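Work through the exercises below with the model open. Try each task before reading its solution.

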Amino acid sequence: MITRAFDRSAMSWSYEMHLQPMLSATDIEGLPFGSVFGSVPAHTTSKRHAHQDGEMFIVLAGKAVVLLGDEERELGPGQVCYLSPFGFHEIRNDHDEPFDIVSVYWEHIPSAVAVLEKAPPRDLLADRTLVFCPPVTPNGGLHLGHLAGPYVRADMLVRALRSMGREARHVTGTDDNQSYLATAALLRGSTPAAVAAAEGDGIVATLATARVDVDRVTRPLTDPGHTERMRALLDLVKAAPTVREEERETAYCPTCDLSLHQAFASGACAHCDAPSVGEICEACGRPNEARELLDLRCRICGTEAALRTERGLWLDMNAYADELREYLRVSAAAPDLRILVERLLDEGLPPYRLDRTTDWGVDLGGGRALDAWADLALAFLDAARTESEENGPARIALFLGYDNSFYYAVLLPVLAFAAGLGEHLPAVFVTNQFLHLGDEKFSTSRGHAVWADEALAASGPDAVRLALLRDAPEGRVTRITEERAGRLTEDPLYLAAHAWLDGFAALDGKGDGAVPGTGAWTDAHREFYRYLNLTTRQMDGVVLPEAFSARGYVELLESFVKRCAEFRATEEVARRVPSLAEEARTSLALEYLAAKVFAALAWPVTPGIAERVWEWLGLPGAPAREADWSFLPSGTRVAAPAPARAAAVPAASGRS
């Protein structure tokens with residue numbers, strides 16, 4: 001006889017609850033399940049998670065709410081519940097006593113696969129999604145490093161969502177009140193407003209040339225209501241008991257008579273010693289007050305910094321630590337962002353100054369202006385709230401560079417909590433690292449860059465987008481060489497797609513330009529049709545915001561084109577056999593269907609060529625993907641010439 005007893009002293013902490021091994025195949029040979037004792041402490045919520053196992057909870061003592069997906073049930077002693085494979089679940093114990101259970105779990109792969117088949121990726125998408133990108137600082141033109149981060153990837157997601165019949169809107173703009181703009185103007189001998197106007201116009205034009213379509217462009221200097229709306233939102237924040245006006249020591253340049261904050265300050269990070277401009281370290285992502293930087297100097301004149309006392313509005317961010325932890329617990333975020341924020345929370349969040357002694361930005365009076373990053377966060381909340389009021393509630397996905405994690409995953413939510421606007425926060429964070437040119441970061445100031453306008457003029461938006469999505473810096477630093485940047489149209493997928501599409505001209509020449517209906521099917525035909533549908537589901541999966549991977553999508557698209565080319569190569573021979581005329585019709589119908597599928601799947605990556613294929617096939621509107629692909633109607637006449645022959649490179653446009 002083998003016995004086990006519930007023993008709190010023998011429990012360990014896992015899944016944010018107490019667990020104790022019970023019985024498994026390790027104890028009893030052939031036992032088809034595992035089991036544990038579990039206990040969720042009073043006023044605690046267990047970790048939200050899913051697994052491939054089926055699971056059953058048997059309640060021993062206490063009461064709690066068990067959540068499975070959108071369902072929730074309160075359970076008490078003697079009750080049992082079943083949790084299906086891959087169902088996200090958690091236990092919320094709001095009572096004063098622990099919630100004690102026995103968990104029995106088992107693996108049955110057919111059941112797990114059946115669950116996946118019943119819930120294809122597109123069924124998990126929200127009806128409406130707002131896709132945000134951080135506004136671009138208009139202190140210079142865009143280079144490929146800029147585009148490779150959030151902007152092209154966000155546009156890819158928006159197009160993918162729209163192609164699946166979901167409503168998606170893209171929001172970004174220019175960060176006109178940023179301190180980096182003010183320093184750029186000082187270094188150029190210009191004014192921030194003049195620099196913002198010229199460079200901002202160029203940035204918006206470059207995004208359009210790259211086929212990055214933006215539905216709401218936020219540009220504070222051209223928005224007459226921006227200042228008043230930011231002041232009103234700041235008043236909501238100031239009303240919170242966590243905001244106080246205090247005098248504190250601040251870095252200062254006596255030569256320039258400047259308060260050294262953000263872009264005005266340069267030195268080395270106090271945490272990792274990496275060179276740092278401003279108050280966030282690009283290397284480790286951690287925040288610094290400018291006065292904490294090592295070897296702190298004025299970025300304008302190079303003078304060693306002094307200290308002086310300044311009066312400012314300070315936000316006690318650590319007071320929101322528990323609320324921030326809970327928010328991030330239910331949000332989807334990349335591991336690098338989550339690691340950084342959890343480390344900052346464990347160390348204790350530093351207070352944050354909401355205003356600055358400066359003459360640039362939203363004027364607050366008394367020689368002070370709204371902090372540029374607080375301005376950016378409040379502008380985000382303002383845009384999200386306006387979008388909700390005008391177009392209805394939506395799930396928000398935010399694309400951002402890892403170096404901005406502190407501002408968007410800590411400062412933004414804390415300001416939202418303080419202002420009572422938490423419902424407008426992102427549900428998903430999609431981060432990126434840096435694209436390097438060779439072995440070094442792109443640098444506007446050093447001229448170490450491939451300018452986006454020049455690359456777009458030379459290679460066209462499709463080739464530029466494809467290169468940046470193939471080498472997207474997702475979770476890692478990636479690199480592009482100057483040589484490759486000058487030969488973007490030689491990308492393997494770009495060449496393979498054009499070669500395969502060119503082949504349709506030969507197919508058209510053998511008939512009257514009409515798409516045939518299917519005839520007799522072979523096993524190869526059946527499996528190719530199955531492939532078209534299964535690949536579509538695979539590609540749907542990597543554009544879920546929570547699982548987004550531009551690199552993975554490009555790899556699947558490249559494999560798709562190769563598979564289509566192989567299908568043609570093997571089928572062309574059979575089409576010349578008179579006795580297989582009925583099979584040849586099915587073969588040709590499948591080829592034209594593959595072109596339709598390609599147009600829909602390629603549209604998020606290379607919209608130009610995808611739209612040409614879609615139009616060539618006589619299909620209306622923008623390319624749309626089907627859950628199960630339908631053939632082109634028999635007799636459909638395709639246009640001439642073949643789709644890949646249209647001009648691929650736009651006229652040159654000048655870089656601002």
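Residues are numbered from 1 along each chain as its sequence is written, and side-chain values use heavy atoms, with hydrogens and water left out.

**Exercise 1. State the average pLDDT of the chain, and say where the pLDDT is below 50.**

Step 1. pLDDT is the predictor's confidence in each residue, from 0 to 100. The chain averages 93. A score of at least 70 is reached by 97% of the residues.

Step 2. Residues 646-656 have a pLDDT below 50. This stretch has 28 contacts in the model beyond near neighbours in sequence; contact means heavy atoms within 4.5 Å.

Step 3. Where pLDDT is low, the predicted coordinates should not be read in detail.

**Exercise 2. Give the strand order of the open sheet that contains β4, and find its edges.**

Step 1. Strands (E, at least two residues) and helices (H or I, at least four) are DSSP runs, numbered from the N terminus. Two strands pair if DSSP finds at least two bridges between them.

Step 2. The order is β4-β9-β6-β7, with antiparallel pairing. β4 (44-45) and β7 (71-75) each have a single partner strand, so one side of each is left without a neighbour in the sheet.

Step 3. β4 pairs with β9 (residues 89-93) over two bridges. T45 stands opposite R92 in β9.

**Exercise 3. Locate E16 and H43, and describe phi and accessibility for each.**

Step 1. Most residues other than glycine have a negative phi.

Step 2. E16 lies in the loop between β1 (12-14) and β2 (17-21). Its phi is positive, about 60°. E16 is partly exposed, at 32% relative accessibility. The classes are buried under 20%, exposed over 50% and partly exposed in between (1.4 Å probe, protein chains only).

Step 3. H43 lies in the loop between β3 (34-40) and β4. Phi of H43 is positive too, near 55°. At 54%, H43 counts as exposed.

**Exercise 4. Sort the residues of β8 by face, and name the bridge partner of F57.**

Step 1. In β8 (residues 80-83), C81 and L83 form the covered face. V80 and Y82 form the uncovered one.

Step 2. β8 pairs with β5 (residues 54-61) in the antiparallel sense over four bridges. The bridge partner of F57 is C81.

**Exercise 5. Describe how α2 and α11 cross.**

Step 1. The axes of α2 (residues 144-163) and α11 (residues 461-470) come within 9 Å and cross at roughly 100°. That makes α2 roughly perpendicular to α11.

Step 2. In α2, the contact residues include L147, V152 and M156. They meet V464, R465, L468 and L469 in α11.

**Exercise 6. Place P351 in the chain, and list what P351 touches.**

Step 1. P351 lies in the loop between α7 (335-347) and β21 (352-353). P351 is partly exposed, with a relative accessible area of 31%.

Step 2. P351 touches R248, W314 and L315, not counting residues up to four places away in sequence. P351 and M317 are 34 residues apart in sequence and 5.5 Å apart in space, C-alpha to C-alpha.

Step 3. β21 belongs to an open antiparallel sheet with the order β15-β14-β19-β21. β15 (258-259) and β21 stand at the edges of this sheet.

Key: Predicted model: local features only at pLDDT ≥ 70, side-chain atom pairs only at ≥ 80, totals over all residues. Axes fitted to C-alpha atoms, helices over the stretch in contact; angles between N-to-C directions. Parallel < 35°, antiparallel > 145°, perpendicular 65-115°, else oblique.
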